[in-house]
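Biologist: Hi! Could you walk me through this one?
Modeller: Happy to, here it comes.

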Amino acid sequence: MIPYGKHHIDEEDIQAVVDVLRSGVLTQGPAVEAFERAVAEYVGAKYAVAVSSGTAALHLAALAAGVGPGTSLITSPITFVASANAGLYAGAQVVFADIDPDTINMSPESLKDVLEKNPDARAVIPVHFAGLPCDMPAIKALADQVGVDVIEDAAHALGAAYPNGQRVGSCAYALMTIFSFHPVKAIAAGEGGMITTNDESIYRKLLRLRSHGINKLDDPSQLPEQALSEGVQNPWYYEMQELGFHYRITDMQCGLARSQFKKLEKFIARRRALVKRYDEAFAGMRNCSPAQAMDRDQSGHHLYVLRIDFDSIKMSRGQLMQELKSRGIGSQVHYIPVPAHPYYRRLGFNPGDYPNAQKYYQETLSIPLFYDLSDEQQEQVISALKSLLS
Ligand SMILES: Cc1ncc(COP(=O)(O)O)c(C=O)c1O
């Protein structure tokens, strides 16, 4: 079975994990810091904080931006539920800004409207869907006008770049950017996430929040009378200064992630070549077209998404997925609009309020895209789809 996405592990990756296991340090050690430094340097951000998942990264980023009760957090309806859940974890209202029908990313026009209607907005989380960067100059300008912080959800977009060439993660248009290292993503840590930022006080807050809210680096003590004895720091002393979490990542995971990270450019180059071949193969087809066919050189190419006119092929999406499966080809839908999930419906959301997301959802199908997908396998996918869709 050819899956829709898959990680690639080589002997170097295995050795990297073994090296950590033999090093005597399993967590909070040098592999975490080395991975943080490598990513910060690559994306062009001052600071990076590695955490246990992309979801943890979103939660901490929302808290660090001041998202909480009495505020709202704006995100895209076409994303994994974690982008929106970050707002709920923080006790805020979630608000969705509909997508642009061409890019599948948050539409700046819709964001403008949502910002006008939600003066309590504290943060906006644009999602670089499938790796294609959002229109960040427009989103940042709108957010700045009303003093709302931007947190980029770049779970799909490690290695992607803005039109000016700066890398996603540099925080050129955001207070923070988050990444995920789940195995289907650009690089795998098993599970893992990261937040990048250029703001030192945010960085310090993220370090505290990652580890129970306990003071880090040279954070001053809040209770010097407990911290000091005759003016000297008590050697055992630490302070929990705010309510934090245990969202730390292990050195084993970071050993793997760092080894994977060295191959990022190679991974993306292969994905880009596969995307080019798919684009050529599906160009001019009557019943289907590639989503996000613009700006291919900017994308991290996390997913390859087709938009299919299921009415005209006289087959439902479920039937098509079944037909593909019987030919050994996996496919998936990214995503069910977040407001359509029962939990969000119970909160009062109506998926019909986001017509572009709703239309996109009716038509979308992700087909296999990953580093190890061979040319032969790709041709198998193309010919199966061409015969089923003609
Ligand atoms: C857009 C997006 N944001 C956030 C996440 C959460 O990342 P993680 O699975 O590492 O918690 C995902 C994961 O699939 C995602 O696709």
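Modeller: The radius of gyration here is taken over C-alpha atoms, and the globule rule is 2.2 Å times the number of residues to the power 0.38. With 390 residues, that rule puts a compact globule near 21 Å, and the chain's 22 Å agrees. This is a predicted model, where local features need pLDDT of at least 70, side-chain atom pairs count only at pLDDT 80 or more, and totals for chains, interfaces and linings use all residues. Residues are numbered from 1 along each chain as its sequence is written, and side-chain values use heavy atoms, with hydrogens and water left out.

Biologist: Thanks! How many helices and strands are in the chain?
Modeller: The chain has 15 helices and 12 strands, taken as DSSP runs (helices H or I, at least four residues; strands E, at least two) numbered from the N terminus.

Biologist: At what angle do α5 and α6 pack?
Modeller: About 10°, with the axes 10 Å apart. The two helices are therefore roughly parallel (angles under 35 degrees; axes are lines fitted to C-alpha atoms over the stretch in contact, and angles run from 0 to 180 degrees between N-to-C directions).

Biologist: Which residues meet there?
Modeller: Pro108, Leu111, Lys112 and Leu115 of α5 meet Ala138, Ile139, Leu142 and Ala143 of α6, contact being heavy atoms within 4.5 Å.

Key: Parallel < 35°, antiparallel > 145°, perpendicular 65-115°, else oblique.
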